[in-house]
Amino acid sequence: MILTYNLKHGNDFSAELVKAKKIADFAIRTKSNTSKDVKHIGLKSAIANQILKKYRRRGIKKSSTVKLTIPGQSIMFDVQSKMAKIPCLGLELDCKYLPAFLKIRQVEIGKDLAHLSVEMPEPVICGTTRFIGVDCNTTGHCAVVAVPHTGKIHKLGRHALHIHKKYKSIRRKLQKQGRYQLLRQMKSRERNIIQNLNHCISKKLVQIAISEKSGIRFEKLKGIRYNKKQHHSFRYSINSWSYFQLQKFTEYKARMCGIEVAHIAPAYTSQTCSKCGSLGDRDKKRFQCVKCGHADHADVNAAFNIGKPVSHCAVDYAINSMSRLHKERDLCKGSTDTPLSQSGYQTATPEMLATVEPLTL
Ligand SMILES: [Zn+2]
């Protein structure tokens, strides 16, 4: 698994960055392949080669902010002092606050930040039959977490809707006024705020999963293909994009802690009663079961449905759809190799075992 960390480098590389921009423009113009052609610009050939490689690709027509790219073999890492040395730029980066990694793949240097891509050790994912269910919503809290084996509920991301509404009105206003540059700035600011929020929520989700000793189960998002690259004509809304990002962030954070992440088909999770499994009435945020009279907040009910132990046919269905959908196949192995049996539900309460009946899919 490769992760990227941003570090402040505290040096002034503006002269080198200007040269890098020149090389990138040269690469776009001429599709040149050798650093000899750009020797006169005066950037170190190891860096020049990387920039040429990146910008000579087909389809790149314009360079905006060009970073100095240093390949892994040009970086020396001192294990004792935890310093990464880049001799060709005379730069040292302090890595003592980074988690243990195997090696540095690449460093990209911008105006203020150095982006370190490091290879992390791959922890073993422990297969589990216990899951916490996460329901993602457009209204109310953006993630509602239910822990079926303890009955606990966590509500996360209360401010997401507020942020979304605030920026929507700002965007609309700027669009009307024709202030497109500011509009772009506002869009990226909103994106940054949501990204930050998603980092916080995903971190919290993993913490909950660790303390409950269980995996994390999400609802599969509609219109998102998990196994293939998205077609460029498909533009998902800011909401689906933000949930997709939340799932991706949670996936890699969980993977680092050896926690399994699963996706379940969203068939009836919001209309089914989490207590008895029959279909109920949903009115906005209220859920009422017709059969057993169980009443709950609709998002909480859905989260319990996502997290609770599912019946055999539903498990098969979930596993099938998972292996079809999951990008990281190795992630699924833990669950597909060990067929779930009734005895796997040792931790479930008798009440829950009663809910283990085939779902109508
Ligand atoms: Zn019911």
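**Close-up 1. Strands S13 and S14 form a hairpin in this predicted model.** Here, S13 covers residues 280-283 and S14 covers residues 286-289, and the two strands pair in the antiparallel sense over 4 bridges. Then look at the turn: 2 residues lie between the strands, and lysine 284 takes a positive phi near 50°.

**Close-up 2. Strands S6 and S7 pair side by side in the antiparallel sense.** S6 runs through residues 103-109 and S7 through residues 113-119, with 6 bridges linking the two strands. A handy landmark is lysine 103, which stands opposite glutamate 119 in S7. As background, the strands of a sheet pair through backbone hydrogen bonds, in either a parallel or an antiparallel way.

**Close-up 3. Four strands make up an open sheet.** Reading across the sheet, the order is S1-S7-S6-S2, and the pairing is antiparallel. Which strands stand at the edges? They are S1 (2-8) and S2 (68-71); each has a single partner strand, so one side of each is left without a neighbour in the sheet. On average, neighbouring strands of this sheet are turned by 20° against each other, direction ignored.

**Close-up 4. Helices H3 and H4 meet.** H3 spans residues 160-177 and H4 spans residues 180-211; their axes come within 10 Å and cross at roughly 175°. An angle over 145 degrees counts as roughly antiparallel, and H3 and H4 are therefore roughly antiparallel to each other. On the H3 side, the residues in contact include Ala160, Ile163, Tyr167, Ile170 and Leu174, while those of H4 include Leu182, Met186, Glu190, Ile193 and Leu197. By class, this contact of H3 with H4 has 11 nonpolar, 1 polar and 3 charged residues. In general, an α-helix has 3.6 residues a turn, so residues three or four places apart point the same way.

**Close-up 5. Helix H3 is followed by a glycine.** With 18 residues, H3 reaches 26 Å from its first C-alpha to its last, close to the 26 Å expected at 1.5 Å a residue. After the helix comes glycine 178, whose phi is positive, near 75°.

**Close-up 6. Helix H6 is mostly covered.** How many of the residues in H6 (298-307) are buried? The count is 10 of 10. Among these buried residues are Val300, Phe304 and Ile306, along with Asp299, Asn301 and Asn305. Gly307 is also buried.

How values were computed: Residues are numbered from 1 along each chain as its sequence is written. This is a predicted model: local features need pLDDT of at least 70, side-chain atom pairs count only at pLDDT 80 or more; totals for chains, interfaces and linings use all residues. Axes are lines fitted to C-alpha atoms, for helices over the stretch in contact, and angles run from 0 to 180 degrees between N-to-C directions. Angles under 35 degrees count as roughly parallel, over 145 as roughly antiparallel, 65 to 115 as roughly perpendicular and the rest as oblique. Two residues are in contact if their C-beta atoms, placed from the backbone, lie within 7 Å. Ala, Val, Leu, Ile, Met, Phe, Trp, Tyr, Cys and Pro count as nonpolar, Asp, Glu, Lys and Arg as charged, and the others, Gly among them, as polar. The expected span of a helix is 1.5 Å times one less than its number of residues. A residue is buried if 20 or more other C-beta atoms lie within 10 Å of its own, exposed if 12 or fewer, and partly exposed in between; C-beta atoms are placed from the backbone. Two strands pair if DSSP finds at least two bridges between them.
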